[in-house]
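Here is a short briefing on one protein model. Please look over the sequence and the structure before reading on.

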Amino acid sequence: MPVGTQATVKAMTPEELDAAGAQIILGNTYHLYLRPGCDVIGRFDGLHRFMHWDKPILTDSGGFQVFSLAKLRKLAEEGYAFQSHIDGSRHLLTPEKSMEVQICLDSDIIMCLDQCLEHPAAREQAADALALTTRWAQRCKTFWQAQTDCRNHLFGIVQGGMFADLRARSAAEIAAIGFPGYAVGGLSVGEPKELMMEMAAHTLPLLPTDSPRYIMGVGTPEDLVELVALGADMFDCVMPTRNARNGQLFTERGNINICNARYREEEQPPDPDCGCYTCRHYSLAYLRHLYTAREILAYRLNTIHNIHYYVNLVKQMRAAILAETFENFKKDFYRKRQVTSA
Ligand SMILES: [Zn+2]
């Protein structure tokens with residue numbers, strides 16, 4: 001899922017997202033709740049019409065941004081009391097409030113409010129956070145069932161820090177409440193990559209296999225391939241869009257730093273085999289020129305390519321799984337990715 005924090009996947013029109021093959025995008029509840037606010041988006045019956053995107057949208061609960069962005073946040077059983085990072089105004093984000101906002105945004109997939117943790121976190125902290133996350137998940141489900149026709153699919157989130165037994169406990173508790181889909185939260189929060197993979201490998205098989213399993217906030221192309229091999233179905237990450245704006249292009253044959261002098265006169269596109277608008281029409285020399293001249297078009301063209309690359313990677317994995325050739329796909333993926341990296 002490309003990330004559209006402020007009701008826009010940065011630098012992309014919905015038509016461009018569609019052309020890149022995006023089937024669903026992510027919006028951030030914390031940001032949209034504070035600005036422009038539910039009163040504005042509600043006038044448009046939700047995010048789809050507000051931002052002119054008629055395909056599915058997933059919104060997060062707002063908890064992670066309160067945790068990472070808000071000033072003076074205070075955690076209690078009730079929820080998070082916090083001050084806006086924009087104007088200092090005071091708010092209370094409870095599980096019910098998070099549901100109310102996400103229902104107002106009319107997201108197709110809405111996420112339970114969970115308690116996020118700093119990394120590293122002590123075992124006791126992780127145990128408390130997972131217990132609160134379970135109680136909040138139950139409150140979210142109760143509110144969702146009472147207030148909606150369950151048209152918006154509510155996903156539960158597994159926490160438990162970097163402790164295998166706590167992850168197992170959280171997975172069992174969240175699965176017992178029962179949701180249309182499940183997410184593994186609290187990964188990719190600064191822990192070593194091996195530990196992230198170890199926790200995902202441990203947690204994913206504990207979640208119902210007949211429901212979508214979503215790894216939040218991950219990752220590199222290699223991460224996606226490894227996590228799909230472990231059974232993950234969904235991902236969101238700012239990497240394709242943010243890195244595009246920082247001049248990094250992902251390709252089958254490795255990553256390209258567009259600033260590199262070796263591309264100054266390069267007539268080839270970023271990836272001759274890529275079917276995206278950028279690769280069909282523009283050379284690396286031109287993209288490098290736009291980027292070094294800080295032209296707005298650079299961000300657009302780089303983002304178009306990176307979204308196309310990520311969506312296509314997932315498409316290829318899906319096809320390989322269906323054809324029962326995933327192991328070959330994976331070998332081929334690594335062999336090609338190691339060709340060039342700049
Ligand atoms: Zn391309």
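Are Phe250 and Tyr310 buried or exposed? Both residues are buried. The model is a predicted one. The points below cover aromatic pairs, the zinc site and the nonpolar cores.

**Aromatic pairs**
- The count of aromatic pairs comes to 14.
- Phe250 and Tyr310 make an edge-to-face pair, with 5.3 Å centre to centre and 85 degrees between the planes.
- This pair links distant parts of the chain, 60 residues apart. Phe250 sits in strand 11 (residues 248-251), and Tyr310 sits in helix 14 (residues 296-322).
- One aromatic cluster is formed by Phe326, Phe329, Phe333 and Tyr334.

**Zinc site**
- Cys274 (SG), Cys276 (SG), Cys279 (SG) and His305 (ND1) coordinate the zinc ion at 2.1 to 2.3 Å.
- The arrangement is tetrahedral because the 4 donor atoms subtend angles of 99 to 116 degrees around the zinc ion.
- Along the chain, the donors follow the spacing C-x1-C-x2-C-x25-H.
- Cys274 and Cys279 are both buried.

**Nonpolar cores**
- The largest nonpolar core has 50 residues. Leu154, Phe179, Leu187, Ile215, Leu227, Met317 and Phe329 have the most contacts inside it.
- Helix 7 (residues 123-147) gives this core its largest share, 6 residues.
- Leaving aside neighbours within four places in sequence, Leu227 is in contact with Met197, Ala200, Leu204, Ile215, Val218, Ala232 and Phe235.
- Another core, of 21 residues, lies apart from the largest one. Among its residues are Leu17, Ile41, Ile57 and Ile307.

Methods
Residues are numbered from 1 along each chain as its sequence is written. This is a predicted model: local features need pLDDT of at least 70, side-chain atom pairs count only at pLDDT 80 or more; totals for chains, interfaces and linings use all residues. Side-chain values use heavy atoms; hydrogens and water are left out. Rings of Phe, Tyr and Trp (its six-membered ring) pair if their centres lie within 6.5 Å; planes under 30 degrees apart count as stacked, over 60 as edge-to-face and the rest as tilted. Helices (H or I, at least four residues) and strands (E, at least two) are DSSP runs, numbered from the N terminus. Buried means under 20% relative accessible area, exposed over 50%, partly exposed in between (1.4 Å probe, protein chains only). Donors are N, O and S atoms within 2.8 Å of the metal (3.2 Å for Na, K and Ca); water is not among the atoms, so sites may look incomplete. Four donors count as tetrahedral if all angles lie between 85 and 135 degrees; four count as square planar and six as octahedral if opposite donors are over 155 degrees apart and all others between 65 and 115; anything else is irregular. A nonpolar core is a set of buried Ala, Val, Leu, Ile, Met, Phe, Trp, Tyr and Cys residues joined through side-chain atoms within 4.5 Å. Contact means heavy atoms within 4.5 Å.
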